[in-house]
Amino acid sequence: MSRFLNPAKIGLLALIELYTNKTVPTASIVDVLSFITSHLIDSAPMPSSDPETRWKRAEATVSLVISIADFEKVLAPHTAASGMPGRSLWYVFLDRLWKIDSLDALHEFFESCSGLLAKTKEELRQDALEGIPVPGPEVILLSRNSPFGAFVRRSQLEFTRLRFHDAFELWKDFVKYRQTTAAYYRKKTPSFQRLSFDHVLLTGENEWGSGVETIASVTYGDMLRDDPNSTLPVSTDDIEKLLEFQIEHMQKYGNRIPIEIQRQFHDLLNDSFMIPSLSHYLSYLDAWRAGDYSTSFDYLHRYFDYTMQNRDRSFYQYALMNLAVLQADFGCYKEAIAAMLETVSTARENRDMTCLNFALNWLFHFGRAHPEVTKELESNSMLGTGKESLAYLRSRAKETGMWTLWSSTLISEAKMGLSNGESVALSIEHLVRSSQILVERNMRNMLGSQLSINIALWDRLGIAYLSMTTCEIFLRCHAHNSTFDDELKATSRQSSMLALKGKYDEALGLLEGMDANSLRSWKPSQYWHKFRGITKLRRDLHRNNLDGAEILLSQLLQSKNEDLEPDLAFVIDNLHIECLVRRGNLDQAFIKVEKLVSELRDENKDIALRVRLLLLKAELLDKCGRPQKGFTVAVRAANVAWRARLIPYLWPAIGAIANILSSLGEFEPAIRLLNAVLPRSLECENAAMTARLYSYLGDANMGMAGKMPPKSIKRREFMTKAVEAIEKAFNHYSSIEDINKQCEMMAKKATIMKVSGDNVLANDYAAAYLAIRRDAANMNI
């Protein structure tokens, strides 16, 4: 196998020769040159929202190496500018290839390539002394340093370096590569004969007679008869380029290689004389993404054994760093910490600031995700506090010009500020500074992390429309430059917001529409399946399908602790509590809430989760018929939510306080509170929260009606307002298909009508109540 040359590159050289000879018509120049440059220059792929197009370059490289058909696709539609009129450019190209009819002609072809290049000053001076005229301006000559010129010069150099055996193998591969066009060329060329592929055999046929078949068999073997054991004409250069391309894409986008490309590449690799050590790293990445721990561990060791056997310890820290990331992904947290701390020590020893800063950044994020693992390290001051670590990393990144790390630390500071309930303005300042770095340095791959914090920020401020819009902007404009994890999180966030509005089918459709190949990766696939299960679980709970909900819950709770996303684990716990409440197991639900409160207090997790648990506690006390016991809890929740600007939790906290006031008979203050927060709660686009607030408003208005004299105008006015509020609550509960709450609201309306003396409407509402129950039962069946 040649190190650089293969039949496909000979075809590219022939095509470049046709271009310099002005055989390519003006109208076809752009298409032809685009085809050549796409296989010579490693250009960045054009932005595309379709993940499949990311692998087009690898497919094109493999396809060109395997078959000459790619040349036909480009050249067949075009007519040649010279030669016989009406001949296609494809025929002229084949004619040039078939004129290379012996190993000697192949040598002459490479020698003639020198004429395609512009001459040096020394060569021009020598030509002037010999009286050779200078080429005219109409002659197309390639600059020696241009992409085409560099390719021609390297091809010549590599051919002269070939041993005779390797040159002959290249010739045989070229004959086989070209042989598929023999039938077409025979139709167009009457002089074409059976042995025209080799001029030596053709001219010796008269002398050797029937012995020419024996000579051809000895020379070419079964190659001309489609030997199934024959190898593909691939060069080491092609293998290395494909390896680098695949590794770059797997690291950049977090996807696995498509199965078809993987199969074709393995065929090429099996036919390769020498297997580069980088192939072990590619196998490690693929096994890691597939969730195969033992195989990925084996390939990682194999890769660094091969690459470091002739080197010193200068690359040792990268082996440790990869090992730490691998072990953390598979749940071996203590081993991961030990490996990453050794990475820090080795990077310091080797003065590798890039590796050191990455390791410290990883340790910070790992500590935030798993505080129970890094607790001992923090007590020994190995990592320091979170703020100190980020401040150090930010200053080092700024000094060394590591823009990605600088932007990442600013995003982390914004995230930590929001998580701790600190100033929202300061978090926005960090995001703006990070955004400035991303724009100035054109770091498009970091936009996913940046916009994910923006999405969370708008969500916490209770402006769901802007959160949804930011998701849409990212998915439409920036997803093709970001990792699949970022795309998955944004899509899941969109799906979650749709589910909160009761659009379950649309939410599931968004998840189902994601790229199937990207979901072949282990962790994204796990996340996708869990989020899909959460959406179905929420739908089953609202439809009162508790048996189906408990089956989903049992599956989700089994794998909850394996998930690195604390928000996702908390959502599962939240739905578990809701399921227990719907079953009537209030004691177990209360125990679960208390357990979660103690865990979050110990781990110092996101303040929003703690506020949510306080609201759940107040809600459970209300369910138990003791809402007044939750007054302190509700006030604490409102206080913390207001200080941290957690608007989606502030309005439910105010609603809980209003409900407690109603239970104390203070209906008027409760109405004032609810009328103040209801318009703002609509901005959150959370149907369940808004419905609950309207329900509280209906209860407060009925309480005020009870204080008014019988049959008075004020009494009727408050009862009318109560019916309107209950009707709105019913509509919001209907949008999320919450059967129990729909029935509850319908029962309240029937009671109000009965109290007001309208028995007909009361009976109608009672009939509607029974119809809802009946429809729900039929739906569950």
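A salt bridge here is a side-chain nitrogen of Lys or Arg within 4 Å of a carboxyl oxygen of Asp or Glu. Keep in mind that this is a predicted model: local features need pLDDT of at least 70, side-chain atom pairs count only at pLDDT 80 or more, and totals for chains, interfaces and linings use all residues. Residues are numbered from 1 along each chain as its sequence is written, and side-chain values use heavy atoms, with hydrogens and water left out.

So, how many salt bridges does a search of the whole structure find? It finds 37.

Take one of them. Arg96 and Glu17 meet through their side chains at 2.8 Å, N to O. Arg96 sits in helix α5 (residues 89-98) and Glu17 in helix α1 (residues 7-20), so the pair ties together parts that are 79 residues apart in sequence. Helices are DSSP runs of H or I, at least four residues, numbered from the N terminus. Are these two residues buried or exposed? Both Arg96 and Glu17 are buried. Buried means under 20% relative accessible area, exposed means over 50%, and partly exposed is in between, with a 1.4 Å probe and protein chains only.

Next, Asp738 and Arg582. Their salt bridge is 3.1 Å, N to O. Asp738 lies in the loop between α37 (713-735) and α38 (739-756), and Arg582 in helix α30 (residues 566-583), so this pair ties together parts that are 156 residues apart in sequence. Asp738 counts as buried, at 4% relative accessibility.

A cavity is a set of points, on a 1 Å grid over the protein atoms alone, where a 1.4 Å probe fits but cannot get out; lining residues have an atom within 4 Å of a point. Points are joined across faces, edges and corners, and a volume is the space filled by probe spheres set on them.

The search finds two cavities of 30 Å³ or more.

Conventions. Helix = DSSP H or I, 4+ residues; strand = E, 2+ residues; numbered from the N terminus. 1 Å grid on protein atoms, 1.4 Å probe; cavity = no way out; pocket = protein on both sides within 12 Å on 5 of 7 lines; lining within 4 Å.
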